[in-house]
Amino acid sequence: MAILSEETVQLNVPTTSKEDAIRQAGELLVKGGHVSPSYIKGMLAREQTMSTYIGNGVAIPHGTFDDKESIHSTGISVVQYPEGVVWDADEGETAYLVIGIAATANEHVGVLSNLAEAIEEPESAEQLIRATDPMVIIERLSRPQEEEA
Amino acid sequence: MAKSVPAASVKKIVIACEAGMGSSVMVTNQLKKKVKQANLNVQVEHTPARAIPQDAQIVVVHKGLAKMAREKAPWAVVLPFDNFMNIPAFERIIKALQNNTDIEEA
């Protein structure tokens, strides 16, 4: 099963609350067959202990160590909010890409390394935030990596 | 007194986060590439903070998990960071390994 597929990418989603954005990212993981619905609760709980906002308009919600039993297979979902979702008003953090993660092993190292590279520069982050074709995101995040664990 | 490790003893560096599936995975390759560019012979891995391997000499971890990392891996030098997009500890580690100096807890 693919880690990231058209089934788990949703573009141009109207803005919503942070909690709903996490649910939407989680529901795509459910739809892709990667997790049980209970994993979404874990994602919401995890977010309360520490923010998964990583910078440059991207958040990576995922469950905790103890939620791993709700994972059937490693998967990544991408929800794009062109207007942004307020992640932390006090810190001025707004997420335009919400990347749901469910991982049992290391198969997703390449995808997350590509994500880290892609959002390092605001211009390339912008390309993902403005993409109108899911394949643009899938291809950018599925590039082979020079170094993989 | 700050805990430290001599560069020559560093064989494995781990990057830790809570579940070991998100942020630590994202940044592990950055450090791997830096290690490779500098031609250093050091292993780099990602791990959950509660399961830091015994053979890791350095742990790089978000400041929110630094306490847990120190408890779980009292033998290791723990280097906390604030921001995933900018981890100054990476440069510090590479420089120390290249110059063969000690790496100290900040």
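Start with helix 1 of chain B: its buried residues are B:Ser23, B:Ser24, B:Val25, B:Met26, B:Val27, B:Thr28, B:Asn29, B:Leu31, B:Lys32 and B:Val35. "Buried" here means that 20 or more other C-beta atoms lie within 10 Å of the residue's own, "exposed" means 12 or fewer, and "partly exposed" is in between, with C-beta atoms placed from the backbone. Helices (H or I, at least four residues) and strands (E, at least two) are DSSP runs, numbered from the N terminus.

This is a predicted model, so local features need pLDDT of at least 70 and side-chain atom pairs count only at pLDDT 80 or more, while totals for chains, interfaces and linings use all residues. Residues are numbered from 1 along each chain as its sequence is written, and chains are lettered from A and ligands numbered from 1 in the order in which they are written. On the confidence side, the model scores ipTM 0.81 and pTM 0.89. Chain B averages a pLDDT of 92, with 98% of the residues at 70 or above; pLDDT is the predictor's confidence in each residue, from 0 to 100.

Just after the helix, B:Asn39 takes a positive phi of about 60 degrees.

Across the interface, 21 residues of chain B are in contact with 22 residues of chain A, contact being C-beta atoms, placed from the backbone, within 7 Å. On the chain B side, the elements giving two or more residues are helix 1 (23-37) and strand 3 (43-48). Helix 1 of chain B supplies the largest share of that side, 10 residues. By class, the chain B side has eight nonpolar, seven polar and six charged residues. For that count, Ala, Val, Leu, Ile, Met, Phe, Trp, Tyr, Cys and Pro are nonpolar, Asp, Glu, Lys and Arg are charged, and the others, Gly among them, are polar.

**The chain B sheet**

Chain B has an open sheet of four strands in the order 3-2-4-5, with parallel pairing; two strands pair if DSSP finds at least two bridges between them. Strand 3 and strand 5 (77-81) of chain B are the edges, each pairing on one side only. Neighbouring strands of this sheet are turned by 25 degrees against each other on average, direction ignored. Helix 1 of chain B packs on the sheet, touching strand 2, strand 3 and strand 4 (58-62), and its direction makes about 170 degrees with that of strand 3 of chain B. Axes are lines fitted to C-alpha atoms, for helices over the stretch in contact, and angles run from 0 to 180 degrees between N-to-C directions.

Strand 2 of chain B is mostly covered, with five of its six residues buried. B:Ile15 has B:His46 in strand 3 of chain B as its bridge partner, and B:Val14 stands opposite B:Glu45 in that strand.

Out in the loop between strand 4 and helix 2 (66-72) of chain B you'll find B:Lys63. Buried or exposed, what is B:Lys63? It counts as exposed because it has 11 C-beta neighbours inside 10 Å. Leaving aside neighbours within four places in sequence, B:Lys63 is in contact with B:Pro80, B:Phe81 and B:Asp82.

**The chain A sheet**

Chain A has an open sheet of five strands in the order 1-4-5-3-2, with mixed pairing. Its edge strands are strand 1 (9-10) and strand 2 of chain A. Helix 1 (residues 18-31) of chain A packs on the sheet, touching strand 1, strand 4 and strand 5 of chain A, and its direction makes about 165 degrees with that of strand 4 of chain A.

Strand 5 (residues 93-102) of chain A is mostly covered: eight of its 10 residues are buried. A:Val58 has A:Leu97 in strand 5 of chain A as its bridge partner, and A:Ser77 stands opposite A:Gly100 in that strand. In the hairpin of strand 4 and strand 5 of chain A, with four residues between the strands, A:Gly92 takes a positive phi near 70 degrees.

| Strand pair | Sense | Bridges |
|---|---|---|
| Strand 2 (residues 12-17) and strand 3 of chain B | parallel | six bridges |
| Strand 3 (residues 58-59) and strand 5 of chain A | parallel | two bridges |
| Strand 4 (residues 75-88) and strand 5 of chain A | antiparallel | nine bridges |
| Strand 1 and strand 4 of chain A | parallel | two bridges |

Definitions and conventions: Two residues are in contact if their C-beta atoms, placed from the backbone, lie within 7 Å.
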